[in-house]
Amino acid sequence: MTAPSIIFFVLAALAVLGAISLILQREPIHSALSLIVVMVALAGLYLLMGAEFVAAVQIIVYGGAIMVLFVFVIMLLNAGKEERTNFSKLATYAGIPLAVATTGFIAAAIAWSSGSLPAAEPSGALTSTKTLSLLLFNEFVYPFELTSFLILVAILGAIVLAQRES
Amino acid sequence: MNEFLTQYAFIIVPLIKIAILVLIVLTVDAYLTWIERKLIAHIQARWGPHRVGPHGLLQPLADGVKFIFKEDPLPANVDKVAYFLAPFLTLMLALTSLAVIPFGPQRFKVFGYETHVGIADVNISLLVLFAITALGVYGIALAGWASNSKYSLLGGLRSSAQMISYELALTLSVVGVLLIAGDFSLRKIVEHQAGTGRGLVSWHIFPQIVGFLCFYIAAIAETNRVPFDLPEAESELVAGFHTEYASMKFAMFFIAEYTSMITVSCLATVLFFGGWLSPFPVSWTFTHYLPSVLLIPFGLWVIFDGMRYENLFGRILLPIVGIGLAALGATLIVLPTVNDIVQGPFWFLAKVFTFLFVYIWMRGTLPRFRYDQLMSFGWKFLLPVSIANVVLTAVAILIWGKL
């Protein structure tokens with residue numbers, strides 16, 4: 001086993017364990033922490049693929065901004081422990097078999113075609129900061145600007161909603 | 001054995017470098033507390049620590065021993081996982097952020113593995129640094145929340161709100177530098193500041209003075225230091241997020257705070273003040289003797305100072321240290337090759353310590369902000385100014401081309 005594949009499996013295991021713990025934790029803040037672990041592990045995976053900029057942005061945006069808001073809200077609302085309810089019948093009879101079937105299907109598809117699939121190239125050249133920004137600001141400048149506009153509208157909306165009535 | 005070393009040099013050499021850096025940083029942290037107490041004492045016309053060792057120089061050691069042996073009570077009803085995780089997370093992230101700072105220009109070979117002064121040389125080092133700082137909020141927020149105390153919770157909330165607000169200004173204020181240097185790599189940014197070898201005129205501080213001021217103000221707020229130390233405003237919140245922490249866990253927050261101060265000072269040096277570059281033009285080779293000119297008199301003064309203490313320190317330790325320092329200075333004059341290697345780290349350290357001095361100076365001088373002042377200053381003044389700086393820099397580059 002080469003060093004990159006060892007790192008891959010460690011990070012992947014970390015991401016999966018974080019995701020499972022996210023669901024199983026009863027304390028909301030522990031769930032939020034598990035989600036941060038998932039985000040950071042994903043950033044590590046991006047780094048492994050040579051997408052340095054995306055990895056850094058993943059941590060800065062998801063880890064540093066969005067999850068901080070999650071944690072903030074949980075702390076401010078003082079959310080208590082989750083109550084465990086009995087499994088709904090639908091989940092037991094349809095959900096679990098469906099989940100098992102889907103996992104089996106994907107695993108079988110990968111196992112069956114792994115010989116014929118070409119290995120993914122480390123996309124370093126494509127995702128370097130410079131090429132990425134050139135793409136964003138030349139070829140995809142209109143979608144990019146539209147997205148920024150959308151976010152601006154959302155921010156204004158949030159301010160209008162949060163404003164005190166005078 | 002030798003073969004083994006060559007084969008695994010890529011992992012052994014970084015580990016050695018990490019160990020050395022952590023050792024140095026922790027020592028500097030410890031003595032930073034001494035420098036801070038001493039400086040503030042003198043600003044306030046006091047003596048500061050002077051009992052333990054000459055000039056109180058062993059005070060950090062005594063403090064360290066005290067921290068280890070103090071009782072570490074666990075408050076009632078704390079969230080154990082988060083309570084224990086918070087100090088470790090804070091310290092770990094603070095130390096990790098130093099890994100991407102380049103300390104000197106040289107590349108050298110160890111066990112046939114080429115390496116450089118600094119732990120990691122990634123080409124997006126600035127982004128990595130910001131990513132690590134962005135995660136630093138969790139340590140403080142978790143500490144505040146997990147302690148199950150109203151002071152801690154309020155301190156943690158204040159602190160994280162402050163850090164999120166000032167992170168924007170911090171990130172935007174360095175965009176000007178990025179536009180000029182055209183690279184995310186801290187090493188490339190420093191190399192860009194070498195310019196045509198005319199010394200400090202090509203540093204980024206001159207075109208980016210506004211950016212630097214925004215950066216430094218935002219960085220002080222990020223590290224929760226005076227005048228932005230609201231999270232630990234004693235008169236309102238006891239000690240803020242670390243009220244319920246004692247012993248080594250409290251020390252961890254403390255070490256993390258001082259390490260972030262060092263990181264911020266390193267970053268200011270690298271981004272705006274030419275990193276390891278000398279402020280003098282390259283052709284002025286006589287300035288290479290500056291380290292010796294400083295070291296020899298300092299060593300002699302240490303010997304002279306030792307004569308005032310009639311004990312082990314004065315008779316043996318201080319004279320040995322003094323002779324060592326003076327001898328080091330003399331060696332640098334005699335061996336020009338060694339002297340050339342020392343130049344980079346010498347200037348780097350000199351600049352970093354200047355910034356650390358300013359940090360402490362400010363603590364001794366400025367009163368604390370009120371919370372609403374802090375928020376309106378960050379959002380209504382610092383952020384617009386740094387955005388204007390970015391736009392102005394971009395326009396200037398568009399009109400006059402790269403500097």
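Predicted model: local features only at pLDDT ≥ 70, side-chain atom pairs only at ≥ 80, totals over all residues.

Helix α2 of chain B, residues 9-43, packs with helix α3 of chain B, residues 59-69, at an angle of about 115°, and their axes are 9 Å apart. At that angle, α2(B) is roughly perpendicular to α3(B). The crossing in which α2(B) passes α3(B) is right-handed. On the side of α2(B), the contact is made by A30(B), Y31(B), T33(B) and W34(B), while α3(B) supplies Q59(B), P60(B), D63(B) and G64(B). Sorted by class, the residues of this contact between α2(B) and α3(B) are four nonpolar, three polar and one charged.

The contact between the chains comes next. In chain A, 16 residues are in contact with 19 residues of chain B. On the side of chain A that touches chain B, the elements giving two or more residues are α2 (28-48) and α3 (52-77) of chain A. The largest share of that side, 11 residues, comes from α3(A). By class, the side of chain A that touches chain B consists of 10 nonpolar, four polar and two charged residues.

The nonpolar cores may be considered next. The largest of them has 112 residues, and those with the most contacts inside it are A56(A), I59(A), A131(B), F215(B), A218(B) and A268(B). Helix α5 of chain B, residues 125-146, gives the most to this core, with 17 residues. For A218(B), leaving aside neighbours within four places in sequence, the residues in contact are Y166(B), A169(B), L170(B), S173(B) and L382(B). Another core, of five residues, lies apart from the largest one, and L295(B), V302(B), L318(B) and L325(B) are among its members.

S152(B) is located in helix α6 of chain B, which spans residues 150-173. This serine counts as buried because S152(B) has 26 C-beta neighbours inside 10 Å, the threshold being 20 or more. Not counting residues up to four places away in sequence, S152(B) touches A143(B), G144(B), S147(B), F241(B), T243(B) and E244(B). As for I119(B), the separation from S152(B) is 33 residues in sequence and 35 Å in space, C-alpha to C-alpha.

Methods
Residues numbered from 1 in each chain as written. Chains lettered and ligands numbered in written order. Axes fitted to C-alpha atoms, helices over the stretch in contact; angles between N-to-C directions. Helix = DSSP H or I, 4+ residues; strand = E, 2+ residues; numbered from the N terminus. Parallel < 35°, antiparallel > 145°, perpendicular 65-115°, else oblique. Left-handed = near helix turned anticlockwise from the far one by under 90°. Contact = placed C-beta atoms within 7 Å. Nonpolar A, V, L, I, M, F, W, Y, C, P; charged D, E, K, R; others polar. Core = buried A, V, L, I, M, F, W, Y, C linked by C-beta atoms within 7 Å. Buried ≥ 20, exposed ≤ 12 C-beta atoms within 10 Å, placed from the backbone.
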